[in-house]
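Please look over the model before reading on.

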Amino acid sequence: MVIIKNDFYFLGDKKMDNNFNEEYIKEKSYLEYVFTHLNRELNIYLERRKEISDIIVDYRKKFIEEYRDDDDKIIEYFDHENHKNEQIFNTIERRIREFLSLKKSPYFGKIKIKDDVEESFYIGSYGFDIGEEIPLVVDWRAPISSLFYQGKLGEVSYILPSKEEVITNLIERRQFLIKNGEIISMFDSEVDIKDEFLKEMLSLKSSDKLKNIVQTIQSKQDKIIRVDKNKAVVINGVAGSGKTSVALHRIAYLLYNHRDYFKDKVLILCPNKIFMEYISMVLPSLGEYGGVFSFTSEDFIYLSMNEDLNFNSYDNRMEKVLNDSEYLEEFIFKGSMEMKEKIDEFLSYVEENINLGGSIYFREEEIISSDEINRLFYESFKSRVLEVRVDLIRRRIIDRINKVRNKLVYEVVNKYKNMNIEEDMINHYDMLKKNEIYDIVSEAMEIKSSLSHLKLESPYELYREFYEEFFLKDLRELDFSDLILIKYIHLKMFNVKRERDFKLVVIDEAQDFSYMFYEVIKEYTRASSYVIVGDLNQSIVKFKENFLESTEIFENKFYMTMEDSYRSTRNIIEYSKKYLTENVSINGVREGEEVKTLECSENELRSVMGEIISNFKSRNNLNIGILVRDKNSLKKVYELIKDLHYIKVIDNEDHVYSDNGIFLTTVYFSKGLEFDSVVVLDENFNDNILYIMLTRGMHEVTHIKLKKM
């Protein structure tokens, strides 16, 4: 039943009677009560910020006046002030931002539970507590809030951070749409009424940033978000299923409930910088403003090395993947489990054939025997990585050389000290003594220099040796697959110093990473929690082991499939599915226009695109993504259409995606992004690339099959 009254909607099984009016009056009264306290708290925080600011400014003036001639003191003061400001203002301004957000829409849900007594909880993007028995608004990440997302009434339960299960009776679930302090709509039902609200939200235009989904989180999504903190969550989700949003909301959930454990220990790995920028505002919109580290996967691995290496950029690599079959074959192999076996064999060979040298003597005294060196290497230090084993032996030898050197020097000093030297010969014998000591020290240094064999080559040099022996060609250009293998050697053979301890690692577009990538990330981070999200159907590179097989290396896994697509209309989804080689279940949640298909030649393309662009100009606040396979096609298309309208070309990672205009980009830069309307320029692509392109569209798709480009 839908009841409409002065732009107020009540969906459910209640009749329009006095009960309806009473419910509305109660909810309106509660909203006004919340606003009263919100305004009061906001004013208190604003005044507190002003007071603290005035105190700091006044003290700063006095301090600078007093120490105007002492630069060191002033620098020391401002270092302290920066820290002080950070502590004070971050806390106050963060809360002010939350209050301002709550003033627009304090909450979006309500649950009522009944055990001994009835209690109501209002669910919002942030918590708001004024010290009453129940908070005025409960943060969506709080354990009890999970009852709102479960989609059922009756006996339910939720899990506390202590892992204790709380069983209760849920008797009411209600959802609100509140805008600018007014209740616009209210849903009340036993079914998962969020679907109605979800459809309304999905009908909106695209944005230049991924948005938070706290008001529309679905039951399966919520289950993933709230999984135990020590799980490796692996999600295989269809295009537009919200898997990236779920991963980011899980970060916010874990930080809220386990802040001391995860604070400053969260790592997000993205496929490229454009995607990283696209997701950049989700965590701040959820109240998380810092302490989360984001890198492209390439940058993260490169920056963790101790070597200055030149390697191909993301777009250069993808261009080769798409256009060079020999390169692609090698790229795939370098990421495989078989490659791991080959490198492990090589590293075992290096270890077994390392030059430990023979017995070492200092004059007539044996410093260390070859038997002892072998015993140290193969027995005493066997549990250590190779670099450490070699270094420990080298240090032991140097220590013994130093001891013998010091003993010999001491003997020389004593010898001359006990000599009865005439006064006129003192300088002569002093010179003889210094010469003997010099000879001893020089001999010791020479022996130490001879230990150069007790040092490993760099990870890069070891990899180059392996590569040229295995592939029978010179190692010229490095790419991401090479970096991964160099890092693998680094981790296996060297004493790797980890600059930061990560507890949670999130990997997006997981299907685009190889088995060896996951081996390296697991070994390097040694995190206790992972979120790995991808879509088998969106793989540009078909690795020998797909990401579900590769992630088998992680322990304590939680696996989930996501088959509901919230981005594209059902019409777009059904059309795109025919380009998948396997029968995949994908559920769309809203209807839309059918995909437009047409064929044209290269000469006709300008005219066709002219019509599309002309139609675009007549519609405000929309964006169009024109998607091509690679940069070669991009250049051709741009030359054809550049004078029809201002075209925003995305052909490298430095470009920024925005929410209005016409964009021209390649399939690999479009991954993860979404557009109101998509034009796919098809030059006889392989199937899954077409699937990726088509599913970037939210509302409209035009599929143009080019006869020749």
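Axes are lines fitted to C-alpha atoms, for helices over the stretch in contact, and angles run from 0 to 180 degrees between N-to-C directions. Helices (H or I, at least four residues) and strands (E, at least two) are DSSP runs, numbered from the N terminus. This is a predicted model, where local features need pLDDT of at least 70, side-chain atom pairs count only at pLDDT 80 or more, and totals for chains, interfaces and linings use all residues. Residues are numbered from 1 along each chain as its sequence is written, and side-chain values use heavy atoms, with hydrogens and water left out.

**Helix packing**

- The axes of helix α22 (residues 602–617) and helix α23 (residues 631–641) come within 9 Å and cross at roughly 55°.
- The two helices α22 and α23 are therefore oblique to each other. Angles under 35 degrees count as roughly parallel, over 145 as roughly antiparallel, 65 to 115 as roughly perpendicular and the rest as oblique.
- On the α22 side, Glu602, Leu605, Arg606 and Met609 meet Val637, Leu640 and Ile641 of α23. Contact here means heavy atoms within 4.5 Å.
- By class, this contact of α22 with α23 has 5 nonpolar, no polar and 2 charged residues. Ala, Val, Leu, Ile, Met, Phe, Trp, Tyr, Cys and Pro count as nonpolar, Asp, Glu, Lys and Arg as charged, and the others, Gly among them, as polar.

**Salt bridges overall**

- Side chains of opposite charge can pair when their charged atoms come close.
- A search of the whole structure finds 48 salt bridges. Each is a side-chain nitrogen of Lys or Arg within 4 Å of a carboxyl oxygen of Asp or Glu.
- One network of salt bridges links Arg94, Arg95, Glu98, Asp139, Arg141, Arg259 and Glu288.

**Pairs within a helix**

- Arg375 bridges to Glu372, with the closest N and O atoms 3.9 Å apart. Both lie in helix α14 (residues 370–380), 3 residues apart, about one turn of the helix.
- Arg375 is partly exposed at 36% relative accessibility, whereas Glu372 is buried at 16% relative accessible area. Buried means under 20% relative accessible area, exposed over 50%, partly exposed in between (1.4 Å probe, protein chains only).
- Asp430 bridges to Lys434, with the closest N and O atoms 3.5 Å apart. This pair sits in helix α16 (residues 426–449), 4 residues apart, about one turn of the helix.
- Asp430 is partly exposed, at 27% relative accessible area.

**A buried pair**

- Asp630 forms a salt bridge with Arg629, the closest N and O atoms being 3.2 Å apart.
- Both Asp630 and Arg629 are buried.
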